[in-house]
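Here are a few notes from a colleague to read alongside the model.

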Amino acid sequence: MPYLIISGVVSLLLFLWLEERSLYLLFPWAYVQNFVLAWMYTSGWADKDFCQSLLILKEFLLLWLFLGFFPRMLECDWPIPLRVLLTFSAWCLARYAAAVLLQNQGLWANLWNLRIVSFPFQILTLAFVIASLRPAFAMRFIRHMAYLGAVVALIGLAIYLLAPADFWRYEVNVARYNSEVKGESGGSSALQQQLGGEDVKEQDEGLPGNARGRDEFLFLSPFRAIGTVCDAVGFGHLVAFPTLLFAFCLPQSWKTRLVLIAIVAALFFSFTRSAWIFVLLSLGFVLLRTKKYRLLAAAAAAALMACMVWTPLGKWYSETLARLSWSNPKEDHADGLVWLYKEGLWGWENVLGQGLNARVYESGYGILLVRYGIPALLLILWFFFSLYSWLRHSRLRDRPLFLVAQAAPLGMMVIMNSSYYPFSFIPYLLPWFVVGTCLAFSGERQKVISSGGELAATD
């Protein structure tokens with residue numbers, strides 16, 4: 001508890017000193033905390049309480065930033081997507097209160113679920129206010145974070161290629177760190193615990209369960225690229241958005257193209273299907289909107305050829321489709337997807353949600369449905385559609401940054417069928433910040449983009 005109080009006070013002082021510049025602490029620390037803390041804990045340099053206080057530092061920083069800038073939001077003309085997202089967050093808060101007061105479900109034990117569903121509203125409104133007040137800072141920050149994402153991807157790639165097999169046991173034991181510091185025993189994440197999955201951590205290797213190599217690609221490595229996030233899925237989604245920024249928004253040169261190749265390699269070696277899908281959908285959307293049909297056809301043909309020619313990739317693709325059986329799904333994601341459309345949407349018990357302790361399936365929409373009910377599901381879909389529509393009707397809609405921002409909610413809407421990745425703190429800080437910035441620049445505020453520097457130069 002003393003460490004927790006110190007963490008809250010220190011983060012508050014940092015915010016009061018740096019204000020919006022404390023984002024330059026929030027993002028890098030979120031991107032490397034799991035690796036750094038796992039290394040400190042494994043080497044004996046820090047105990048459990050100290051690591052937990054540093055682990056929650058980013059939560060406090062985001063909270064102070066949100067509380068500090070939100071009063072300015074009350075002076076702004078709220079775009080429709082933010083109003084819908086506020087309604088969604090308010091409904092989830094009301095359902096959380098009902099679960100605690102009427103269903104005797106734990107107040108503190110379920111606080112993490114509330115933080116997850118409130119995260120998009122926090123970071124989106126924060127980005128909107130900062131971009132409205134300090135547009136040049138917002139654009140510069142996006143550019144810097146794109147490069148930071150590239151650095152994280154390069155470090156993750158280096159760890160993947162160079163670290164010996166016993167590195168994760170004796171130097172950075174993520175499995176022990178997850179179990180003893182983060183309290184995640186029996187799965188690779190808090191969600192995995194709630195799902196009751198069988199993705200058991202490999203204690204002998206020091207790796208979380210989802211770092212296990214995909215069976216089809218085990219000849220490449222005994223584990224997947226987990227980077228400084230120390231989570232394969234989180235790492236895949238973290239490097240996905242910088243891929244789009246380097247491909248479409250940053251000035252093109254041989255240097256940026258080399259960096260883009262490295263980021264794509266890091267994304268590939270995470271073997272995270274949902275991150276691949278997000279990037280491919282976004283890539284296809286931007287190419288269609290920019291009428292680069294030949295490039296789109298070439299990209300589609302290359303993907304198809306890869307599945308046909310490279311046996312491991314083709315096998316993985318075919319086995320993934322085979323698991324999507326309507327009558328007998330054979331994998332967690334497939335089970336959650338089939339349950340949602342076959343049973344979940346039609347069950348009366350899910351109209352207002354079953355509560356925070358009910359059994360959930362590996363599906364983002366399914367989790368929202370079970371915990372918060374039909375209203376939450378309808379509101380999040382309305383939010384995604386309204387967000388796309390709002391950006392689509394901006395006079396800046398054809399700028400590269402706006403095209404990427406428009407692709408984001410469409411990609412999120414699709415991958416939410418698998419799990420609620422867009423509610424993940426670490427990998428979706430940058431996507432939500434970019435979307436919030438573009439919301440601020442839409443409409444009458446479009447003139448401020450001219451001060452955006454390098455990113456605006458390609459628009």
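1. Leaving aside residues up to four places away in sequence, Glu-20 touches Leu-65, Phe-69, Ile-130, Arg-134 and Phe-137. Do keep in mind that this is a predicted model. Glu-20 sits in the loop between helix H1 (2-18) and helix H2 (23-43), and it counts as buried because its relative accessibility is 9%, where the cut-off is under 20%.

2. Next, the core. The largest nonpolar core has 151 residues, and Leu-23, Phe-27, Phe-88, Trp-168 and Trp-432 touch the most other members. Helix H7 (residues 135-162) supplies the largest share of this core, 14 residues. Beyond residues up to four places away in sequence, the contacts of Leu-23 include Leu-65, Ile-130 and Phe-137.

3. How many aromatic pairs are there? The count comes to 41. In one of them, Phe-35 and Trp-168 have ring centres 6.2 Å apart and planes at 85 degrees, so the pair is edge-to-face. Phe-35 belongs to helix H2 and Trp-168 to helix H8 (residues 167-170), so this pair ties together parts 133 residues apart in sequence. Both Phe-35 and Trp-168 are buried.

4. Phe-268 and Phe-271 also form an edge-to-face pair, at 5.3 Å centre to centre and 65 degrees between the planes. Here Phe-268 is partly exposed at 22% relative accessibility, whereas Phe-271 is buried at 2%.

5. Two charges over rings may interest you: Lys-58 lies over the face of Phe-425, 5.2 Å from the ring centre, and Arg-115 lies over the face of Trp-112, at 4.5 Å.

6. Finally, helix H15 (residues 311-323) buries Pro-312, Leu-313, Gly-314 and Trp-316. Their cover includes helix H13 (273-289) and helix H14 (293-309).

Definitions and conventions
Residues are numbered from 1 along each chain as its sequence is written. This is a predicted model: local features need pLDDT of at least 70, side-chain atom pairs count only at pLDDT 80 or more; totals for chains, interfaces and linings use all residues. Side-chain values use heavy atoms; hydrogens and water are left out. Helices (H or I, at least four residues) and strands (E, at least two) are DSSP runs, numbered from the N terminus. Buried means under 20% relative accessible area, exposed over 50%, partly exposed in between (1.4 Å probe, protein chains only). Contact means heavy atoms within 4.5 Å. The expected span of a helix is 1.5 Å times one less than its number of residues. A nonpolar core is a set of buried Ala, Val, Leu, Ile, Met, Phe, Trp, Tyr and Cys residues joined through side-chain atoms within 4.5 Å. Rings of Phe, Tyr and Trp (its six-membered ring) pair if their centres lie within 6.5 Å; planes under 30 degrees apart count as stacked, over 60 as edge-to-face and the rest as tilted. A charge sits over a ring if NZ of Lys or CZ of Arg is within 6 Å of the ring centre and within 35 degrees of the ring normal.
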